[in-house]
Amino acid sequence: MAKAAHPDIIAADVALDITKPDGQASIEHQIDIHVLDLTECRDSMADVLHGLKYCMDFRIKGGKLPSLDADLMERLLSALLPICSNQSGNLLSYRPTAEADLAFALFAQFMDEVMEFRMAVSKRSATDLRDALKIHRRCQPWSSEAQREVAADVLSLILHAFPKTLNWKELVKADEFDDVERLMQDFAGRFALDRSSRPTTPTAPSTMLFPPPALYFDRKTERLSEMFGVSFETGLSSERAELALKHYGPNVIPKPKAKSALRMIWTQLTDFMVLILIAASVTEIIMGDFRSAVVLLAVVLLNVVIGFTQERKASNALEALVTLTAPQASVLRDGVQQVIDSSLLVPGDIVVVDEGDAIPADLRLFQVSQLEVIESILTGESLPTSKSTESILKRTRRLPLGDCKGSAFMATTVARGRAKGIVVRTGIRTEIGKISLAISSAPTEPTNIEKKLQFLGKLLVVLSIFLCGVIVAIGIAYKNDVMEVLKVGISLAVSVIPEGLVAVVTVTNALGVRRMAAHNAIVRQLASVETLGSVSVICSDKTGTLTEGKMGCSSIWTADNSLFTFTNSTSPDPSQGNVQTRRSNCTLKEAMSGATLPLPSDIIVDVSRTFGEAPAHLLASAMISTLCNNAQIKQDNGEWVALGDPTEIAMVVAGQKSGFSREFFISNFGLERQQEFAFDSDRKLMSVVYCQTQADVAQSFKLPDNSALIFVKGAPEGVLSRCISYLPASANSNFTAMLTGSASPMTEEFVEFVSRQSASMAAKGLRILALALRNTSKDNVSEIVANPQSPSAAESDLTFVGLIGMIDPARSGVKDSVASCHKAGIRVVMITGDHIATAVAISEQLGIINKTIPNQSRSMSGYEVDSLSADALADLTPFPVVFARVSPDNKLKIVEALQNNGYSVAMTGDGVNDAPAIKRANVGIAMGIGGTEITKQAADIVLADDNFSSIVLAVREGRRVFDNIKKFCVYLLSCNSAEIFLFLAAAIKNDPMPFSTIQILWANIIADVPPAMSLGVELYERDIMERKPRPHDEGVVTMITSIVILLQGLLIATCPFVTYLLARANYLPGFENFQQHAVSKQQTLTFLVLTMMQILQCFFSRSVNLSVFRTGITGNRPMIAACLFSFLSLVCSIYIPGLSDWLEFQPMNYVGWFVVGIALIIQLVVVELLKFGLRWREARQFPESYEPVRRRQTK
């Protein structure tokens, strides 16, 4: 079977087949610069657009360049569309700006002239085009003739280019159809032109026959039937299905290359450091030291088991995806329902699913019967999702999978009911397939610490062989006993190899995992603990991570110019929080006449919760908020539980905190709901009709006879356009009289004032809804109820009450965590699907954006990210710290741009679409509460509480882990190099070796391993989160630490060697050459001095540069125990008969201990001087700077 080609690839091939005319590369370069400038130069946007117009008018127009780079046209479209939607004016008189009209005209010209631009437009959903182009705004009675002409041009171009995929009614809001119909009548000639004279989509046969794979959640199913050339009654014909299979390819998810368990074990065994340990074990066995060999082999086994377990876990994500695909599908073909292999499904097939079936491909449902689908694999939601056939016209770049009620996704399961759907995506183009492809294609490289430790191990092997070879060569040159010299050389070689390194790295990481789990960060990949410590950028989602993940009412502004604010707004408990107000400094009339909004008073007053004392406008707002609402808040086992839409929950909570719940209004006013008109994306309104059905209500709650109330909430522009009055400031103490009395007529001045107030609240990141009501008669209500399909009868002649602003507030403690990151040199980048105003407002509260710091002042939308190439995004200066309205593709692009700039990136995510970006990041972090299972399996770390502060604590633990590994290496290599230097000096002087072979191995056992292992549990240093991140490519042993190791090794070698020389020269009483066992005593004294200095060095190694007087010696209790064990082992090996004979030691007199004391004092002074020098150097070389550290290598 021929391999299928993706339609996008075909389109690109078509473009590439066209020979490039002269100058095309130059024009493409100019357009590329203009696209970048549209993102960079917002203040001079008109100049950039005129530059594009010049290119169009003089270099492209008239068929000069009918084909341009496809990727460039995609980015140009992404840059133009947001500009086309720019508007100015108040809520009732929005007009396109001059820049918007120019961008709109350029859109028309590029549609007309450039094939690849049309191809890019064809990939956009009708909803995206409708919201961006705003054609209805350009065909109003007040629109200029030029605006109407260009609107007709654009609409006719789209309809002629995409006759099968787009209908003009999908590009215009329903209540604007009449304006567009008039436009089409006025410019009938443009719409009636012969199709051969109008531009169309590229003429590649495959793209003409087969629509591109997409969810099509915004398309009517009848329209999809036409697009795919299929009948819902008979399905595809066998011939068309065969052609489609050749075009789209089989419906399979490619299996990742499986790695057997034996192969994984073999990979662990052939790790270089493990091979070194095995070689060392064999050497110990050959030399007869079986105890050391057992210890080394135990370390090998531990490392292999842990490494195998982690690698096995890492492969689970892909295995989970592959095993989820359905083997067979029930499909309608040639008018017959039949069961076929699911791999043969193609877009356009009609699939029948029943209870218990696995969905075999991504479907757009056109017939459902009580269908509920379990989508937990994609959404993380364990409860089944109810499905429908309705199209979804929603203003969003990417509709969340959980909101795609008219779609069913591959690998999900039918929990109840049955349905029919048309296949719209198959194979790797399905949601599951795209994730599988992204995860399997992500490179799996060893972490930085693994690579550096491998290099260090190889270096130590080469160095040990060389130095030991030198010692052996010197000994042979002096004609010493060859076998004895070889035994010493081999023993030294074994001692130089840090046999505890692998164990310490594993144990240190494992302890870090345990500590991070205590801070709600669960580690799935052991090596990621250390990697997290080198992170220089944290890309965090907003909702639920930086914020509480719950909507709360921030403020209510009412038509009498009162502002009410809420405390503890997200808690559903009515007893927590209250309402406060600030007195206005001016009257409503004075406020409306001002050019800017007046500042409220500094005096804050708590609002009364008593009906007769509470402000009337707040009462009216609470009444609308709670009654025009379907959310519920109730107590369950003593806890308050909220059910419903988050925005509606926030409004109910606001009413309760003001003291007036839904139950209060219903019971006291005796109200009963008569009709509800649900919210939809065209009206952007919800309304409810209430009548007072109880006669025995108190007089203060009684409405006039034959009176009813209609409550409305919705988008400010939608509500205001239906209002004829506003609720005035009133001294009337009778609330019902105010509701049903006369209102102030709506004026242009008041609309302008409301628009400014709405803009001010929106600038704070609030989601704004307008509140209105209507007093009407019960007779009118009867007519409204009798016509439930016509909400306009209820939603007219409204009285404006106020604006309510809601926000998902920042989590407690996150601001401090962000400040901690900045202090640590870590850039925090917010990436969210929310509106940019909301994202910026929250980021300013948290300190992520700071307008006074250049590299913390920039934000960017997902559309702008789309308009930039990968290189252009990486080259942005300053790089944005807030990305809003992003898609999962944008997230991946942002991560790659940061990595290309040399940053080490941690990325958070919760949805299944975030898995590729999480997998690509240096450290992927999934949300434990809201995250999907696939996302968790693709991640390195899972946050159990979805809290950003937990990430910061995890970074601290990561830095601690790396610090401890570095301290271990510095300590161990200092001690081991000291032994080499000591024996090298003795060999050069041709003195007897300072230790015997057994003493060398004993020094390794008691002085190296226990104290070194205790460094793996060292506490973090006080300034650990005040340092800049280390370069990602920095090794465990750097140039500075190498110098430290060399100097400390020389110090630890010099004191024992001088002691050995003094004893050999008869300067130390009791160690003269004429004494019995003189050489053995001298070796014992040398061993004692060296070992005691090594034990003391462990305390010095608690910090590479901090003084021991600052770090102390009691903070690490395991170290005290380890050093005490080493000291007692040393004393026992010297003084216990039998053991001392076996180790060839002699008892030590007071002179020896006095010499040890002097050596330790010298060591303390020299090491402190060395650390002082390091601190002085760092203070001079690394001034305070926020800019995070990048990798050393350049792009």
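1. The expected span of a helix is taken as 1.5 Å times one less than its number of residues. The structure considered here is a predicted model. Helix α37 covers residues 888–900, and its 13 residues should therefore span 18 Å; the C-alpha atoms at its ends lie 19 Å apart, in agreement with that expectation. Buried residues of α37 include Asn890, Lys891 and Lys893, and Ile894, Val895, Ala897, Leu898 and Gln899 are buried as well. Just after α37, Gly902 adopts a positive phi of about 95 degrees.

2. Ser343 is located in the loop between β4 (336–341) and β5 (350–353). Is this residue buried or exposed? Its relative accessibility is 18%, and because buried means under 20%, Ser343 counts as buried. The side chain of Ser343 makes a polar contact of 2.7 Å with that of Asp341. When neighbours within four places in sequence are set aside, the contacts of Ser343 are Leu245, Pro250, Asn251 and Val252.

3. Strand β9 (residues 413–425) pairs with β5 in the antiparallel sense through four bridges. Strand β6 (residues 362–374) is also antiparallel to β9, with 10 bridges between them. Gly421 of β9 is the bridge partner of Val351, and Gly421 is likewise the bridge partner of Leu365.

4. A further set of strands involves β23 (residues 767–777). Eight of its 11 residues are buried, so β23 is largely enclosed by the rest of the structure. Strand β20 (residues 707–714) runs antiparallel to β23 and is joined to it by eight bridges; within this pairing, Ala708 stands opposite Thr776. Strand β24 (residues 798–807) is paired with β23 over seven bridges, again in the antiparallel sense, and here Ala772 faces Phe800 across the pairing.

5. The structure contains 26 aromatic pairs. In one of these, the ring centres of Phe611 and Phe664 are 5.9 Å apart and the planes meet at 45 degrees, so the pair is tilted. The two residues belong to distant parts of the chain, 53 residues apart: Phe611 lies in the loop between β15 (604–606) and α26 (616–627), and Phe664 lies in helix α28 (residues 662–669). Both residues are buried. They also belong to one aromatic cluster, together with Phe660, Phe665, Phe669, Phe701 and Phe735.

6. The charged end of Arg95 sits over the ring of Trp142, at 3.8 Å from the ring centre. The charged end of Arg138 is placed over the ring of Phe104, 4.1 Å from its centre.

7. Which peptide bond is cis, with omega near -5 degrees? The bond is that from Thr877 to Pro878, and Pro878 falls in the loop between α36 (870–874) and β27 (882–884).

8. Positive phi values also occur in residues other than glycine. Asn706 has phi near 60 degrees and lies in the loop between β19 (685–692) and β20; its relative accessibility of 38% means that Asn706 counts as partly exposed. Glu1144 has phi near 65 degrees and is found in the loop between α46 (1139–1142) and α47 (1150–1181). With a relative accessible area of 40%, Glu1144 is partly exposed.

How values were computed. Residues numbered from 1 in each chain as written. Predicted model: local features only at pLDDT ≥ 70, side-chain atom pairs only at ≥ 80, totals over all residues. Heavy atoms only, no water. Buried < 20%, exposed > 50% of the residue type's maximum accessible area, 1.4 Å probe, protein only. Polar contact = N/O pair within 3.5 Å; in protein donor to acceptor, adjacent residues only side chain to side chain. Contact = heavy atoms within 4.5 Å. Phe/Tyr/Trp six-rings, centres within 6.5 Å; stacked < 30°, edge-to-face > 60°. Lys NZ or Arg CZ within 6 Å of the ring centre and 35° of its normal. Pairing = 2+ DSSP bridges.
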